[in-house]
Amino acid sequence: MPTPTFAASPRRFAFPLFALVMLLLPALPVPDFWITQGIYIGLYALATLGLVLLTGVAGLTSFGQAAFVGVGAYTAAFLTVKLGASPWLALLAGVALAVLAALVLGAITLRMSGHYLPLATIAWGLALYYAMGNMEFLGKYDGILGVPTLHVFGIDLGTGRRLHVLVWVFALLAAWGCANLLDSRPGRAIRAVKDGSTMAEAMGISTFRYKLVVFVLSAVLAAVSGWLFAFFQRTVNPSPFSITKGIEYLFIAVLGGVSHVWGAFLGAGVVRVVEDQLQVLLPRLIGASGNFETIVFGVVLIVVLKYAPDGLWTFVQRWLPRADRKRDWEGAAALPARDKPARGERLLEVQAVRKQFGGLVAVNDVSFEIRAGDIVGLIGPNGAGKSTTFNLITGVLSLTGGQVLWRGQAIGGMPSRAIARRGISRTFQHVKMIPEMTVLENVALGGYLRGSSGTTRAMLRLDRDEERRLFAEAERQLARIGMADRMHELAGNLALGPQRLMEIARALCTDPALLLLDEPAAGLRHKEKQALADVLRQLKGEGMSLLLVEHDMEFVMGLTDRIVVMEFGTKLMEGTPAQVQASPQVRAAYLGTEH
Ligand SMILES: Nc1ncnc2c1ncn2[C@@H]1O[C@H](COP(=O)(O)OP(=O)(O)OP(=O)(O)O)[C@@H](O)[C@H]1O
């Protein structure tokens, strides 16, 4: 059933309305106290937005957000108070310093997986805090006093109603930019980084580059928040930029909804208002003074993580139903396509490839080739080395020996994304996708290398023409495998069969010359296997070259021209399906008997 058009209206009107209310709030007869709260909420939300991108979307945890806020605040205070510089120049300087710090920290830690980034951000947060507190020229723990107020076109913004407008202009612009970014080519790439790099790299995405981009962007948002903070407080000292504050920003993000742009605003609003009320109420109730609100927040965080891990924003979303993407790509120009190899051209040559894991030889000098238009099956019992061979061809694993040639050129040792760029695309044994994106958006991710829009273009929404072309291509590929009618569904809601087909459509969206499918029939029910076999037969009919790694003999028999059989890391035999079926060696290998 088509989604009724009014479903789009709450979303379409909610955000402009929210923006209007926040910008006009100072003009209304609201007490000054609420204006101050509004400023704090805007500042917190701005810094937390960075964490939404970094932690929620890209899956990188940082405890150092407060330190980047400090960079912006201290630069503003130092340059305006000590050197009499313009606050706008201080904004540029603060942002530049934050970018530099993020680039250095990111370059050191982002290539490493695991806990390096969180640990490095803790170290960075602590180091900066003590540096701010111990440096004479930064006023040590007393900080820098007497920061001037901001002026725009000669108007003094003060620290109240007029500043509220500026803070919210920045916060709303940042939210708009971030929301635009997440709905774009680089945004999909950033989302793909979250669950490891293998799938993203196979789509041609440099995961390191996007991690760095998002880390820098997050630091910039924090620095802008810090810059505004300095002119609001009119004094800076180290305490608002401590590691505790860094944890509080993470808390705001998680509470609001760490993967949602508007979750940053909700989290900031709830934390600021509740914190303020608790600071007054709790000492009265307990009869002693202290930071009891921190204890309450700790408990709340545990409850939220247990019962609403996606944060409070998910509850608001129920009133803002998701509308289908407007199908505005009719007639969009086709994306650039590569020259296809002539039938029979030698595409892939696997020459004595070898992979050793310590003492274990997982792939032992295996050779075979694939010509354009061939459908080759790579089969063998569990642990035979099929997946390892597949990963050697696609650049996921490095070769211990041998070589892989693609159209005559050595590709062994190249990273996956360079191999993808040459026209080899793949699917995964365990489906790798972005479950919270639609089927269409997941497939559009496959078109990454055929587009060029970068982060800035995306944030400013200058990428719409290219986006239309990408979505038109994604829909075309979904139609090719018979799934166009499901393009608006969330990928995570699909059954395994359609998810595997979606992966094939995503791989086709890369415009490959060779498609590698890693156990596409694994875990599928009979009907799903039939649907998959139909799609593969159709691709074969269209002249696509395929390498099929499969465990299910029956499945490959009816589909392939040639089969390579592996056992214990070595090539047992190669032949037509009939030859393989007739081979006593293969039967023995599958039945586990001696031969
Ligand atoms: N990263 C690794 N480190 C150590 N050993 C590994 C690694 N990857 C695979 N192996 C070993 O290499 C051998 C071949 O594994 P591989 O996954 O390639 O087999 P397969 O034929 O794909 O099996 P399956 O059908 O079960 O997926 C196995 O003995 C496996 O335990």
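**Entry 1: the ligand shell**

I began with the residues around the ligand and sorted them by class, which gave 4 nonpolar, 7 polar and 1 charged residues in the shell. The model I am reading is a predicted one. I then listed the shell by name: F357, L360, A362, G380, N382, G383, A384, G385, K386, S387, T388 and H551. When I asked which elements give two or more residues to this shell, I found β4 (360–371) and α14 (386–393).

**Entry 2: the six-stranded sheet**

I traced an open sheet of 6 strands, whose order reads β8-β9-β10-β5-β11-β12 and whose pairing is mixed. At its edges I noted β8 (424–426) and β12 (570–575), each of which pairs on one side only. From one strand to the next, the twist averages 20 degrees.

Within this sheet I looked up how β5 (residues 375–379) is joined to β10 (residues 545–550), and I found 5 bridges between the two strands, which run parallel. In that pairing G377 of the model stands opposite L548 in β10. I next followed α14, which lies across β5, β9 (514–518), β10 and β11 (562–567), and its direction runs at about 150 degrees to that of β9.

**Entry 3: the four-stranded sheet**

Another open sheet has 4 strands in the order β4-β3-β6-β7, with antiparallel pairing. Its edge strands are β4 and β7 (409–410), and each of these pairs on one side only. I checked the link between β6 (residues 401–406) and β7, where 2 bridges join the strands and the two run antiparallel; here L405 stands opposite A410 in β7. On this sheet, too, α14 packs, touching β3 (346–357), β4 and β6, and its direction makes about 120 degrees with that of β3.

For residues 163–182, the end C-alpha atoms lie 29 Å apart, and the span is 100% helix and 0% strand. For residues 250–273, the end C-alpha atoms lie 17 Å apart, while the span is 83% helix and 0% strand.

**Entry 4: α4 against α9**

Last, I examined helix α4 (residues 87–109) and helix α9 (residues 207–233), whose axes come within 8 Å and cross at roughly 145 degrees. The crossing in which α4 passes α9 is right-handed. On the α4 side I listed P87, A90, L91, G94, V95, A98, V99, A101, A102, L103 and G106, and these meet K211, L212, F215, V216, A219, V220, A222, A223, V224, G226, W227 and F231 in α9. Sorted by class, this contact of α4 with α9 has 19 nonpolar, 3 polar and 1 charged residues.

Definitions and conventions:
Residues are numbered from 1 along each chain as its sequence is written. This is a predicted model: local features need pLDDT of at least 70, side-chain atom pairs count only at pLDDT 80 or more; totals for chains, interfaces and linings use all residues. A residue is near a molecule or strand if its C-beta atom, placed from the backbone, lies within 6 Å of it. Ala, Val, Leu, Ile, Met, Phe, Trp, Tyr, Cys and Pro count as nonpolar, Asp, Glu, Lys and Arg as charged, and the others, Gly among them, as polar. Axes are lines fitted to C-alpha atoms, for helices over the stretch in contact, and angles run from 0 to 180 degrees between N-to-C directions. A crossing is left-handed if the near helix is turned anticlockwise from the far one by less than a right angle, and right-handed if clockwise. Two residues are in contact if their C-beta atoms, placed from the backbone, lie within 7 Å. Two strands pair if DSSP finds at least two bridges between them.
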